Amino acid sequence: MAAVTPEVLTSTHVEKMKKKKLPKRYWEETEKTDQSQRRPEEEQGKAGQNQNKSTVKEKSLKRKNGESLEKKDPFPGEAPIPQKQLQKFQRGKKCKVPAGARERLKEAIAISEAMSEHAQKQAARYDLLLPEDAGFLEGDEDEDTNTISQADIADAVDITSGSKYFNLHLSQFGPYRLDYSRTGRNLLVGGKKGHVACIDWQTKDLKCEMNVMETVNDVKWLHTEAMFAVAQKRWLYIYDSKGVELHCVKKFNDVLRMQFLPYHFLLATASATGFLQYLDVSIGKEVAAICTKMGRLDVMAQNPHNAVIHLGHPNGTVSLWSPNQKESLVKMLCHRGAVRSLAVDKTGTYMVTSGLDRKLKVYDIRAFKPLHSCFLPAGASCLSLSQRGLLSAATGEIVQVYQNVLGSNPVSKPYMAHRLRGQIWGLAYCPFEDVLGIGHGEGFTSMIVPGAGEPNFDALDTNPYRSHKQRQEWEVKALLEKVQPELIGLDPGQLSKVDQASFEQRHKEQIEALGFDPLAKDKFKPKTKKKGRSSAGAIEKRKRKVAHEDQRDEIRQSVQERTEREKELKEKSNEKKLGNKSTLDRFRK
Amino acid sequence: MQNENLVQISFFNQLMLVHPRKKQNERSEASVQVSEYFVNAEGTGDKVNLSDLLGTVEKTSGASNKTKKQLRNLQSSKETLELPLNKQQTEKIQRGIAYEKTTAEVSCWKNIILQNQKAEQMVFPLNQESSGPKRVEQVVAGWKVQTPLEQEIFRLLHGSRQPVNDPVLTPVEEQSLKAMSLEEAKIRRAELQKARALQSYYEAKAKREKKIKSKKYHKVQNKAKRKDFLKQFDEMVKTNPEGALEELKKMELSRMEERMSLKHQNSGKWAKSKAIMAKYDDSARKAMQEQLQMNKDLTQKMVVPSDDEHESIEEGLETVPDFVNDPETVIDPVNPWMRGQLTHEEPEISCVTAEEVQTAEEENEEEEIIGEFERKRKLRQADEEDLIPTEEERKKIRTILSLFVSTREGSNQTRGGLNTAGEEDEEGLLSEGQIRVRSIEDLEVLDEVVEPRAIEEPSAPQTAAAEATSEPPHKKKREINLKEVLTKEAKAVRLPFLPTVVDEEERDEQISIIKEAFAGDDVISDFIKDKSRQEAAGRPAVVDLTLPGWGEWGGVGLKPPRWKRKRFRIKTAPPPPRQDQKLPDVIISEKRTASVASHQVSQLPFPFQNTAQFESSIRTPIGSTWNTQTVVKNMTKPKVVTKLGAIIEPMVKEDFIKSKTTAAGDLVFLSNYPKKINFIIFFLLQTLSSIFVVSLLGCLLNVPT
């Protein structure tokens, strides 16, 4: 840094020092003696005067402050940051400077370490700005929280919160699938018999409602609340928030389940024909189509941590997929019966599965190990995990909410329960709200689950209160920061690692990708000569001349090496033979 | 005589035959015998020994015994001096020394370059002033004279040269002390007058003549001039031989040019046409002859005038003195305040044109000078006695102003001492900007402190976060029964209310459950099969190079013998253990994801020694999604920042190496700077109207007169 600022100050200091030593000047005298004379001058040269005054003031202030500071300030330096907060923002391990490191390396490590520490500290300091805290439902003594009914809760809480418990009686076109938008403001419901509606559920403002006159398998919001995808009987349709059909994607047929990867702008669909397809909604192209060869795919979940798609299969396995690989990344045998439902938590650490064997299993999907399992009498047909880690499971017509599922200790009883009328078809927690949406045969129910939603939202990422303009700006930014589908993999930090594959391996991959070997030598093609010299025989002869050139070279080299070695050996043996030197040795060459 | 000569010649020839290549040394010494052909002394061929020379030393009594002894030793010693090194070697040594010198010279840049390379951010131009509000001293110090008004004021200030550091005599006084007497001044002025008048007369005449277009006139004129010149030249040879020599040289040059060219050789187009006409036309013949004559004249060699003749040098009356061409000092006649100037170095110059007015003025001016001088003396006396307050004031203002003027020349003065007054003035006016700039730079150099960048030490190691999820190593083998894994004891969950309604679907489910219960074993065995298949696919295949029938009987149903199998079946090294080796219910694909690999770093960047170091160095993301605004700005700040439109000059040695002497000088100059007056002038210029400022300053300056 070649900053110039500090030097200027030093110069003035030096000046002052010098000034003291010099003899008195006449203008100094006049300044002291006759004030009246100085007046006009002073007005003209105000700045100069002020300068002097200010310096005097500063000096006095400094002195005062210095004394006072020494006495008063009991907390010198920066405010300390709690270790817990610091740990929260720690990224990776610190690198130690090796003992015999070069100066450059030392500097590089020191700079990077200082930078990351600074970032960590700043982030920890800014943690102050997340003031909201989550609460939970607490029952009286010897009262189970799961016996508290929704109506009681709605009565107890304030009006706005109470209004979040509501039922939509839609018995005609049920059962319903549902999806909340990423900001949690909008709700999309799709009845099996073709009824699709999107609602601003907090204001109960119906944005659009229609009947697509076809079976609806699944509904999903795309990146904004302006568009949503509906998996209908044959094809995938995309509508806007007014209900206008934007696209009919005929490449995606018989879609049963959908997942939207918001940072990649990918719509992943699982079809009845066993295809897993990825649609890039930002460019409208199919990124990948993978034939899973696992039959009908009606269980699907995404891992929000690394954008890997989890699929549940009838043979009790769960497979993990990325658009970059034609075979599954991981295949786990989870249940003895078919997998009925899947859910992955926000941090990408835990996966919860339920199968036909009526078991609920919690897996650590970083290590692919089961943590614990529990037996549900009716088995869970639908699973959903909230932002704060509450698990809701639909067993028959009862929705159960479990607390502290994600961990090593097994659960014994549900945190909350709610009985509904009709088969439950869809479960989804509303982001940033303590609300669980339930789609069932008789319509839709919004259930209050205290402590479900994340109390602090990142307004730059997903702002529930954003305006129209903000949404537009966010859209542009999000598109600019779109993550390419090539980067999807089990380890999202793969990009920050050095590729340690060998040259051969990379070369092989290159050949596979290109379809030819870019480093291969061209085959010898003899020139066509004239005057009858390009006859077939002549060409063959010429080819003979350069045939196996590489091999010949190798052979030549090896022969040369061998002869040299032999020569050396011979010399050595000769020397050994003539161990005692004779006088005539000097004439030996 | 002739015989003798002949003999000598023959002898010489013989000598030349014997030593054809040896040249006779020409000697310019006086000798008894002087040969006609070459100067020679007696006994030339003989070698001169040291003893011959030293013999005299032995005899002389003046030389000390010591030196004699030394000389004797020298005589007796047979050692020869070593041969000087040959050219290549000496050059090599010289080069080596030069290299060392230059390396020493260049190496002083090493530190600053390293520092700049290491710097996180470089801001160009390097000596940039801070963008914030400046102090008044800085503003005034970096103030350039730009507008005409400012220039005028500075000229005014320059005119009154006042003492800087309380010297005994002001420069003006010193100058006036050096001034000439009245009579001398008068003579000088008269000379000047005449010269000026002459010059103007000549100029007018030349202009007039130049306007005439007639060729004939010019021809005649030229001829006349030439004649005149020749006459003058003859005269000049007598009077001014040096000038004549120069003229001669010029002539010689023109002769050379003539000889080189084909001009006047009757070879041109015109000449050829004339040659045809020459038979019949007299005029043509004449013209040709004329041309030839011209050629002859031009090519004729000039006689070198003898240098012997030295005559008294008289100055030609027509020659114009040098000082006539000196530039006139700019004194604005319109500006009434300019007359209040304290000094008039060359008052004569201003009054060349109007002669009648001059004389009166001249007298006035001279009187002024003298009067001023007297006044000054008085003033000084008064100062010494500390008498009159008004005069004190006057002097004060003058000194302040002079100080202000002098500060601009401060650097010059401090270095080279005081110049003569006239020179100083001119220099100041001409190169004002430059000097000022230099002084500012000096200031900055003074100020600049090249601080060695403190390397940020990594702070104390933090306690590593304990991985909560790390589990004790699993020591299960493949043989573990999958059934056990899958049928782990599961806790039954107590429900608050049991399912009451049984749907058709649920009934279906129950049926399927029963189905699954029977097919449960199948699921597991399928999975195990699948996994083994995957493992097998991952294992490298054995390359079989056996050729049946070679060295034995071939045919259907015959197996190649063991030795053959052993020799020609090539096994490759087993792959690294699979990730899912210890997880019986998991199949993890071993395929490498090439899509990410194309975005990854494939080679370790320079200063890092292993991948762990590099990976830890990039572990902190720099995006605004993960960081606070300040951190993002800090992390993504550009390496080089340039100011738009600013000239980035190469680094100068003075920027980082400060010599103590200049620093000290600048300090003194800075401290003496009368800030107050500076501020006054500066702000006046900034705020007030031009006329007012000029008049005000004029008042300030007029006080002493």
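## Strand β2 of chain A

Both faces of β2(A) are covered. Tyr176(A), Leu178(A) and Tyr180(A) lie on one side, Arg177(A) and Asp179(A) on the other, and all are buried. The model is a predicted one. The strand spans residues 176-180 of chain A, and five of its five residues are buried, so β2(A) is largely enclosed by the rest of the structure. Buried here means under 20% relative accessible area.

The partner of β2(A) is strand β3, residues 186-191 of chain A. The two run antiparallel and are joined by five bridges. One of the pairings links Tyr176(A) to Gly191(A).

Together β2(A) and β3(A) make a hairpin, with five residues between the strands. Gly184(A) sits in that turn and has a positive phi of about 85°.

## Chain B overall

Chain B contains 28 helices and six strands. It has 705 residues, of which 25% count as buried. Take the contacts in chain B with a separation of 6 or more: 69% of them come from residues 24 or more positions apart.

Two packed helices are described by the angle between their axes and the distance between the axes.

## Helices α10 and α11 of chain B

Helix α10 covers residues 215-239 of chain B, and helix α11 covers residues 241-260. Their axes come within 7 Å and cross at roughly 135°. That angle makes α10(B) oblique to α11(B). The crossing is left-handed.

On the α10(B) side, the contact uses Phe229(B), Leu230(B), Phe233(B), Met236(B), Val237(B) and Thr239(B). They meet Pro241(B), Gly243(B), Ala244(B), Glu247(B), Leu248(B) and Met251(B) of α11(B). By class, the residues of this contact divide into nine nonpolar, two polar and one charged.

## Helices α12 and α13 of chain B

Helix α12 (residues 269-278) and helix α13 (residues 282-299) of chain B pack at an angle of about 135°. Their axes are 8 Å apart. The two helices are therefore oblique to each other. α12(B) passes α13(B) in a left-handed crossing.

From α12(B), the contact draws on Trp270(B), Ala271(B), Lys274(B), Ala275(B), Met277(B) and Ala278(B). From α13(B) come Ala284(B), Arg285(B), Ala287(B), Met288(B) and Gln291(B). This contact of α12(B) with α13(B) has eight nonpolar, one polar and two charged residues.

Technical notes
Residues are numbered from 1 along each chain as its sequence is written. Chains are lettered from A and ligands numbered from 1 in the order in which they are written. This is a predicted model: local features need pLDDT of at least 70, side-chain atom pairs count only at pLDDT 80 or more; totals for chains, interfaces and linings use all residues. Side-chain values use heavy atoms; hydrogens and water are left out. Axes are lines fitted to C-alpha atoms, for helices over the stretch in contact, and angles run from 0 to 180 degrees between N-to-C directions. Helices (H or I, at least four residues) and strands (E, at least two) are DSSP runs, numbered from the N terminus. Angles under 35 degrees count as roughly parallel, over 145 as roughly antiparallel, 65 to 115 as roughly perpendicular and the rest as oblique. A crossing is left-handed if the near helix is turned anticlockwise from the far one by less than a right angle, and right-handed if clockwise. Contact means heavy atoms within 4.5 Å. Ala, Val, Leu, Ile, Met, Phe, Trp, Tyr, Cys and Pro count as nonpolar, Asp, Glu, Lys and Arg as charged, and the others, Gly among them, as polar. Buried means under 20% relative accessible area, exposed over 50%, partly exposed in between (1.4 Å probe, protein chains only). Two strands pair if DSSP finds at least two bridges between them.
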